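Take a walk through the model below. Keep the sequence and the 3D view side by side.

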Amino acid sequence: MSNSADRYGDMFEQLDAKNEGAFVPFVMVGDPDIQTSVNIIKALVAGGADALELGFPYSDPIADGPTIQQASIRALSNKIKTDDCFEIIRQVREAHADIPIGLLLYSNLVLKRGIEKFYQDAVNAGVDSILIADVPLREADRFIAIAKQTGIKQILIAPPNASDETFAEIGQKSQGYTYLLGRAGVTGAETAVSIPASELIDKLTQYKVAPPLLGFGISTPVQVADAIKSGAAGAISGSATVNIIAENLSQPEVMLEKLKSFVTNMKSATYK
Amino acid sequence: MNHLDSKFGDYGGMYVPELLIPALDQLEQVFIDAQKDPEFQAEFMGLLKDYAGRPTAMTLTRNLVSNPKVKLYLKREDLLHGGAHKTNQVLGQALLTKRMGKTEVIAETGAGQHGVATALACALMGLKARIYMGAKDMERQAPNVFRMRLMGAKVIPVNSGSGTLKDAVNEAMRDWSANYDKAHYLLGTAAGPHPFPTIVREFHRMIGEETRAQIMEKEGRLPDAVVACVGGGSNAIGMFADFIDEPSVRLIGVEPAGKGVHTKEHGAAIGKGTKGVLHGAYSYIMQDNDGQIEESYSVSAGLDYPAVGPQHAYLSDIGRAEYVSITDEEALNAFQLLSRKEGIIPALESSHALAHALNMADEAEDGTIIVVNLSGRGDKDLAHVHSILGDQIHE
């Protein structure tokens with residue numbers, strides 16, 4: 001089975017028609033447990049998320065700050081396995097046929113399962129894209145090859161410090177969307193995004209990269225609006241979303257309400 | 001693209017966020033330039049000789065081996081300034097830091113030996129050092145924390161994960177990805193993303209080169225085997241590098257078997273691990289069926305690491321080097337034997353290599369020559385070993 005849908009393409013087309021940018025929340029799959037995680041992701045959709053960016057818990061997440069590390073630890077201490085993560089996503093996909101679902105994870109989870117099996121399992125669960133945080137372009141070819149075979153879109157990261165050669169290569173190889181890094185460092189709401197200069201966006205346009213979604217340090221509607229004003233196709237917010245989960249673990253109903261209204265607020269900043 | 005080979009067979013590579021690629025490329029370029037620059041080499045060699053105390057001695061053991069026709073030599077990295085081989089490559093990388101115009105150094109440390117080496121090199125060269133250390137390790141290795149601070153380094157406790165070396169590496173990489181403009185990540189072993197395994201090997205290869213010259217002078221021939229302990233594998237690759245193309249010399253790496261490789265409490269990544277990525281390199285690692293990294297264990301903090309440098313993984317696969325393991329108990333015995341028979345207190349790490357070499361010496365044919373890399377001295381381990389052995393030591 002391969003994935004022939006182009007949910008990202010459809011999403012960007014529809015948003016363009018409505019003159020909106022995309023708001024994409026990130027949460028850790030399996031945080032804090034299977035059932036709550038399914039409810040959390042459904043709440044994000046109910047709040048108005050245009051797409052979902054979902055992490056898989058990993059023991060050694062070198063690109064993540066403390067908020068997302070803690071989310072991994074919560075899931076792993078509840079014995080969440082990769083199989084559970086795919087099952088959670090399958091349930092979300094069953095409820096929401098059209099929303100683009102992307103994975104953001106680390107290479108060892110993919111390599112241990114086998115690249116081909118991992119991507120096939122992702123397709124079967126209803127995943128549209130995979131971004132591997134510790135696979136730079138230089139190591140990406142064998143992942144991209146399997147992505148093409150299975151119909152998964154391999155998402156590439158465009159960091160602010162990249163060379164022109166890197167941007168050009170992203171232009172050739174990117175599919176779905178491009179994860180535009182708003183700043184150096186690791187994930188976290190502690191350090192705010194720096195909205196990219198128009199030169200950076202111009203460069204991305206010049207090299208014809210897939211539509212850029214800005215991430216890292218996005219936690220307020222103002223930052224979402226600024227990202228879209230600067231030319232990004234949308235914004236991704238991870239740590240701010242995960243913080244709501246962390247702060248409301250003892251009251252899941254309140255947590256789901258807060259997540260929903262957070263997403264609604266952030267989404268409303270995407271109207272141009 | 002890379003100028004140096006970034007892989008050893010399938011092993012190694014650069015499994016890091018795209019964000020770090022420019023910093024790794026810059027490091028590779030400055031290393032290539034420095035290796036060709038006679039001024040850099042002269043400065044490095046000068047520091048090794050006049051500051052660190054190279055060449056280190058090669059000692060023929062007198063009382064340790066029962067068969068008088070088997071010779072066991074010790075390459076005395078324990079005599080190096082700082083107390084272990086670590087000083088070699090730290091001086092090299094500190095010079096590279098200055099050459100890149102960076103003023104800050106980030107490092108990780110487990111037992112504290114790499115942290116101490118980093119602190120001394122940064123004190124010497126006027127660099128600002130911050131060193132990540134697992135909170136648990138800081139407790140276990142309090143004297144080394146004090147040493148680092150005494151030499152002006154900032155020691156930052158790491159509470160995330162298991163609070164040991166692997167988590168300190170994670171934290172150092174996170175710091176580096178925010179501060180690569182002015183800070184160099186001075187990685188402490190022959191692991192991590194390219195170009196670190198190559199740089200660390202080249203800055204330790206004098207261990208093997210000196211060994212070759214010294215053994216030729218004393219014996220007129222190459223040794224039959226060189227033996228070194230392997231955690232990440234920096235002292236071992238430094239010892240092996242000059243002998244890889246000498247098929248008559250057996251290269252033997254000794255991993256920590258902890259409480260036994262049949263238990264979960266060991267650090268034998270090559271012996272019992274499987275292939276995967278940790279800290280930027282593809283190698284043998286300790287992991288579960290999902291690819292979550294498992295915690296390693298060893299009585300010696302310097303070997304307590306759930307992965308191994310990628311070149312060791314390669315040397316093992318092609319059969320050029322052999323990797324064996326030694327338990328805590330065997331290492332502790334060797335620790336005491338060397339102290340009692342030769343008046344040398346070895347590091348617990350090096351005691352693993354020694355323990356295996358002693359087993360080899362027992363069974364060796366007459367005329368066999370074995371060299372053990374005595375990678376560090378045991379001062380740092382005294383309190384720990386005392387707490388384990390207690391009153392078992394008698395006069």
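The paragraphs below cover conventions, backbone geometry, a charged patch and record annotations.

This is a predicted model, in which local features need pLDDT of at least 70, side-chain atom pairs count only at pLDDT 80 or more, and totals for chains, interfaces and linings use all residues. Residues are numbered from 1 along each chain as its sequence is written, chains are lettered from A and ligands numbered from 1 in the order in which they are written, and side-chain values use heavy atoms, with hydrogens and water left out.

Start with the backbone. Most residues other than glycine have a negative phi, and most peptide bonds are trans. A:Asn19 has a positive phi, near 60°, and is not a glycine. A:Asn19 sits in the loop between α1 (7-18) and β1 of chain A. Helices (H or I, at least four residues) and strands (E, at least two) are DSSP runs, numbered from the N terminus. A:Asn19 is partly exposed because its relative accessible area is 42%. The cut-offs are under 20% for buried and over 50% for exposed, with partly exposed in between (1.4 Å probe, protein chains only). A:Lys79 also shows a positive phi, about 60°, without being a glycine. A:Lys79 belongs to the loop between α3 (66-77) and α4 of chain A. A:Lys79 counts as exposed because its relative accessibility is 61%.

Now the cis peptide bonds. One joins A:Asp31 and A:Pro32, with omega about -5°. A:Pro32 lies in the loop between β1 (22-28) and α2 (34-47) of chain A. In chain B, the bond from B:His194 to B:Pro195 is cis, with omega near 10°. B:Pro195 is in the loop between β8 (183-185) and α8 (196-202).

Next, the surface of chain A. Which residues form a negative surface patch? They are A:Asp10, A:Glu13, A:Asp16 and A:Asp98. Patch residues have over 30% relative accessible area and no salt bridge, and like charges are joined within 9 Å. A salt bridge here is a side-chain nitrogen of Lys or Arg within 4 Å of a carboxyl oxygen of Asp or Glu. A:Asp98 is in the loop between α4 (82-95) and β3 (101-105). Its 66% relative accessibility is why A:Asp98 counts as exposed.

Last, the annotations. An unreviewed UniProt entry places "active site" at A:Glu53 and A:Asp64. A:Glu53 is in strand β2 (residues 52-55) of chain A. Is A:Glu53 buried or exposed? A:Glu53 counts as buried, because its relative accessibility is 1%. For chain B, an unreviewed UniProt entry gives "domain: Tryptophan synthase beta chain-like PALP" at residues 52-376. Over residues 52-376, chain B is 39% helix and 21% strand, and the end C-alpha atoms are 13 Å apart.

How values were computed
Patch = residues over 30% accessible without salt bridge, like charges linked within 9 Å, V, L, I, M, F, W, Y side chains within 5 Å. Areas by Shrake-Rupley, 256 points an atom, 1.4 Å probe, with all protein chains shown as cover. Lys, Arg positive; Asp, Glu negative; His and termini not counted. Charge placed at Lys NZ, Arg CZ, Asp CG, Glu CD. UniProt positions renumbered as here; feature names shortened; annotations may be inferred.
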